[in-house]
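Hi,

Here is the structure I said I'd pass on. Have a look, and my notes follow below.

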Amino acid sequence: MGREVEVLRSNILRIIEDESFLEELRREFKKYFDTANSFVKQYYRVNRRLPMQMNVYWVLRKSGAPSTTANEVSKKVLESWKGYIELKKYGYKTRVPEFKNTPIILHNEQYRVYAVRERDKWIAEKIEFSLNRKWVSLRVRGKLRWVPELKEGLVFYMRRLKYPIIELRHCLVDNYLILGEKCFNKNRAEIFRRNGKWYFAFSVSLKIPRLKGKGIAGVDIGARNLVALCGVSDSGESFSVLFKSGTLRSYWLKCEKLARRRNRIAHQYFWEAVKCAESGDKEREKECFSKYRLFLRKTGRFRKKAKEVRKKAVNSMCRLIAEFFASKGISIVYIGNSVCYCVSREDLVKEITSKPTRELLRNFFAPRQIIDSLRRHCEVKGIQVIEVGEKGTSSICPVCGQRIQRPYRGLVVCEKCGQFNADLVAAYNIMKFNSSVELNDKELKRLLNNPKTYIYLVKEQKWIPKN
Ligand SMILES: [Zn+2]
């Protein structure tokens with residue numbers, strides 16, 4: 001294991017001028033995506049395996065794509081096909097990859113980013129990218145949240161010693177920064193459109209010193225407790241923490257109920273509009289149709305709000321956890337990820353409540369969001385996050401190792417050792433299966449029965465300890 005962790009972080013900037021030619025460019029890219037996709041699809045149907053990247057590359061080249069474009073597009077198309085096949089192998093329901101809102105992809109040596117310093121932040125000014133050997137400049141807005149470590153001053157790169165070609169690596173002075181085409185700490189960039197606006201996203205790789213410390217932790221993710229974690233700190237002290245989802249869940253429920261009511265009204269108006277159309281009442285038809293659209297918008301707004309609140313809560317939870325880990329000297333974290341692959345989310349929420357409520361909560365639980373957020377927050381602190389399978393971790397007694405029952409809700413019961421919180425047991429087992437941690441029975445029971453518990457205050461937007 002190295003002493004440094006390399007992590008990728010994305011900067012997203014808003015493009016604020018001349019979007020018309022971007023749309024044209026995007027359409028061109030879409031064409032290449034479709035060409036590559038249909039070729040891969042055909043190839044897979046016949047051969048039951050994926051073509052080499054080289055094959056896809058040449059198909060694109062023959063249809064007129066520049067080499068860099070062909071390279072990036074073939075890479076991206078094959079990546080999503082690999083994901084599709086992987087999921088299919090495990091028997092999960094998936095759909096054949098389709099490319100709808102395709103981005104414009106630029107590889108590393110095809111773009112530059114300019115920024116000025118304002119107080120302690122780098123504010124992006126413009127980007128430049130090369131298109132058919134010409135550099136195009138676009139004004140952008142936004143700050144660079146992630147800048148790789150760079151040497152001060154102007155740094156060039158020389159190519160072909162006989163007839164030298166000079167290319168810019170980077171320029172870093174007091175108040176000015178250029179990430180040049182030869183800056184190897186940045187990666188490929190994408191230009192994409194969302195909600196009618198154009199964005200430029202590029203990632204940089206950061207080297208973060210690995211956190212020193214022998215601490216280790218296990219994390220279990222669930223619908224009842226968003227996160228249950230158990231760990232042993234660098235100094236050998238053990239701890240357990242629960243993050244309750246109760247308040248968030250009821251907020252989600254409230255929003256979903258309101259959304260569904262709006263949705264019902266919207267549909268009533270829709271059918272009325274249809275009736276009016278049949279009877280030729282143009283005026284009323286128009287009115288009903290606009291009402292239909294209005295209520296549909298309202299529906300969407302409630303759902304969006306609920307999602308925003310959940311995202312904010314998850315992010316602030318993960319920040320808390322990462323800070324906590326760092327303070328305890330935890331350098332490796334194991335996360336159980338099987339929940340992400342559950343075919344039916346309803347199984348997970350099943351423990352929670354009655355059927356109608358379950359129906360409303362169907363989309364509440366977002367394990368991937370939690371894992372990704374936790375990984376992001378931990379990695380920038382130098383903590384390594386490892387995803388592991390968690391099958392069976394909550395059906396083995398943590399103390400004696402026997403198979404145990406889950407009679408109801410969040411409890412597990414062992415005939416010999418007593419009852420424990422199921423999520424904490426899973427977190428402890430995830431840690432135990434992947435490391436050499438051993439706790440004595442007494443300490444373990446104390447750990448599993450006295451977790452520090454956090455609840456979320458939706459209005460104040462923060463997590464507070466309950467005990
Ligand atoms: Zn037991």
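Seven strands make an open sheet with mixed pairing, ordered β16-β15-β12-β13-β14-β19-β20. Strands here are DSSP runs of E with at least two residues, helices are runs of H or I with at least four, and both are numbered from the N terminus; two strands pair if DSSP finds at least two bridges between them. At the edges sit β16 (384-388) and β20 (462-465), each pairing on one side only.

This is a predicted model, where local features need pLDDT of at least 70 and side-chain atom pairs pLDDT 80 or more, while totals for chains, interfaces and linings use all residues. Numbering runs from 1 along each chain as its sequence is written, and side-chain values use heavy atoms, leaving out hydrogens and water.

Within the sheet, β12 (residues 215-221) and β15 (residues 330-336) run parallel, joined by five bridges. G218 stands opposite Y334 in β15.

Then there's the zinc ion. C397, C400, C414 and C417 coordinate the zinc ion through their SG atoms at 2.2 to 2.3 Å (donors are N, O and S atoms within 2.8 Å of the metal, or 3.2 Å for Na, K and Ca; water is not among the atoms, so sites may look incomplete). The arrangement is tetrahedral because the four donor atoms subtend angles of 106 to 112° (for four donors, all angles must lie between 85 and 135 degrees). The donor spacing in sequence is C-x2-C-x13-C-x2-C. C397, in the loop between β16 and β17 (411-414), and C414, in strand β17, are 17 residues apart and link distant parts of the chain. Both C397 and C414 are buried (under 20% relative accessible area, 1.4 Å probe, protein chains only).

Cheers

Terms used:
Tetrahedral: all angles 85-135°; square planar, octahedral: opposite > 155°, others 65-115°. Buried < 20%, exposed > 50% of the residue type's maximum accessible area, 1.4 Å probe, protein only.
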